[in-house]
Amino acid sequence: MNHSRKLLKRAIAITTAASFVTVGGNTALAAGSYREAETAAYDNFVAGTASLWNDYLENYQKALTGSKAVIDLKLEDTGKLLLGSAAGGMDLSWLNNVSLDTSVSIQKGLEAVKMAVLLNDSRLCDLNAYVDLENLMEYMQVPDISGGYLQISMQNLDNGLSANSLKESMNLLSDLSILLPDKDTVSSLLGRYGHLIIDNMEDGLSAQENVSEEGVSEDCTMYEGQIKAANAMEMVRQIAETARDDKEIKSLFDSAAEAGISKEEQYKEFQDALDELLSEVETADESADNSTAIYSKIWVNGEDKVVGREFGTVEGTEENPIFVWKAPSAGSSSGLLIGLASDGSTVALTGSGTTENGLLTGDYTLTVDGTDSLAVHVEKLETKPEKAGYYNGKFTLTIPTNGSEDEEANMLSSFAAEINLTSDSTAGTSRMDLSLTISGISLATLSIRGGYTAEVEVPDLDTVTPVYSVEDEDDLTEYLKTVNWDSLAANAVAAGVPEDLVSQFKLTLESAVENMLNPQPADTETAETMEEVA
């Protein structure tokens, strides 16, 4: 019995995952039953996914050659006052924004990072980092304080990974495409295992039903599919047997082993795990009955478009939904329900909106265990962007008071987060601006911009000089002797930092370096006092 329950949970997890990935307005062409509707919708999903995967592979290679990210934090006047008060009344009127402008390339086993730190849009300092992914060695330079390179052996870092595991991870970082299958393989694998799930479902009832959410409704045909307990065991068996000898899965393991990302025996370990699962299935088959264990519903409108899904378990005659998605539309109006339930807890997103010229505007609420937790206003969001991933639109997030008189709840409700998405698929650029406001007054804005750039040049790491190992105390001492804060201080003054503040900061840094180079012996009297206390 325990084996049956354990395997039934796995079957539920597999089917739930399949329900998640197929959410959306897929087409179910002229279906007459659940299996026909689900097969048509799933095949449509697989075809779309294969196309998106091809775009992803292309973009991934471009990102390896050169990718750029700019992170900028801008403080508004009210934000400066609040931050200054938290810092003991410091005057921060000179502080407008701080930025990190970073370019990254990963080519031929080397990762190169060039970063510019800007203050008030003025360059403060640069940072150059080069990682030899083959030898697990990093070289770091901050030209504005020293011309030397700090050498860091990544094998000696306390990261919980063995040297071999770390090297495998670095090889994977060097070229993840080694593990990424092509679109035909993705299409084949998705089709093969998705159909195994659908083929083990039995057609249940079908009925004409009205799908209605937030005042928006559509007349649909509901098709129900069921998986009996015995069928769930058979589904797990078929998936395990097929995966065990799947040549396309084996090719993924082989590619990883050839690239040094994994060990050859890992494929055998994968097969052994499936053999163990098959043994459990054999034992569980004896106790599996013919009662319905899992149900799945799909709603198809008059245009053969899927506008709703529900998936759950059955105990006796009672259905327990695990996942619900419904998105009816009427003209330019649309409703939405996305719900999840697990172990007595529920999470739901509900709301409605209107779409004009492909742009959605609406209001939605995130509810946790029946309590409204987050209000989301959507403004002119592209529902079908020209290219996947390149969205334009605005979200405003607020916390509802729910009629509470609690002072803390009311204070939180005065805050809002505004998220603006701006993308250009032709230029390959995207931007997100996250602004925090209180009672409509802006405090600060965090902007993240990304895109592609030219390959970052990497010097010959065998000839860069001078190099100082962080693991060699003498080397570190020599490096500290080369440190000079004059350029950094001058850049800070040029960026608008008050000279007295810069002078204090520079003096602190110089004192810290001096103490590291010439540590002072502890005062004898103080040491004796500390011993007495101890």
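I started at Glu265, which lies in helix H8, residues 265-285; helices (H or I, at least four residues) and strands (E, at least two) are DSSP runs numbered from the N terminus. Some ground rules for my notes: this is a predicted model, where local features need pLDDT of at least 70, side-chain atom pairs count only at pLDDT 80 or more, and totals for chains, interfaces and linings use all residues. Residues are numbered from 1 along each chain as its sequence is written, and side-chain values use heavy atoms, with hydrogens and water left out.

I then looked up the exposure of Glu265: it is partly exposed because its relative accessibility is 42% (buried is under 20% relative accessible area, exposed over 50%, partly exposed in between, with a 1.4 Å probe and protein chains only).

Next I checked its surroundings.

On to the backbone. I found a positive phi of about 50 degrees at Glu214, not a glycine, in the loop between strands E7 (202-213) and E8 (216-228). Glu214 is partly exposed at 46%.

Asp369 also has a positive phi of about 50 degrees without being a glycine. I placed Asp369 in the loop between strands E15 (359-368) and E16 (371-382), and noted it as partly exposed at 45%.

Last, I looked at Thr465 to Pro466: that peptide bond is cis, with omega near -10 degrees. Pro466 sits in the loop between strands E20 (441-452) and E21 (467-469).
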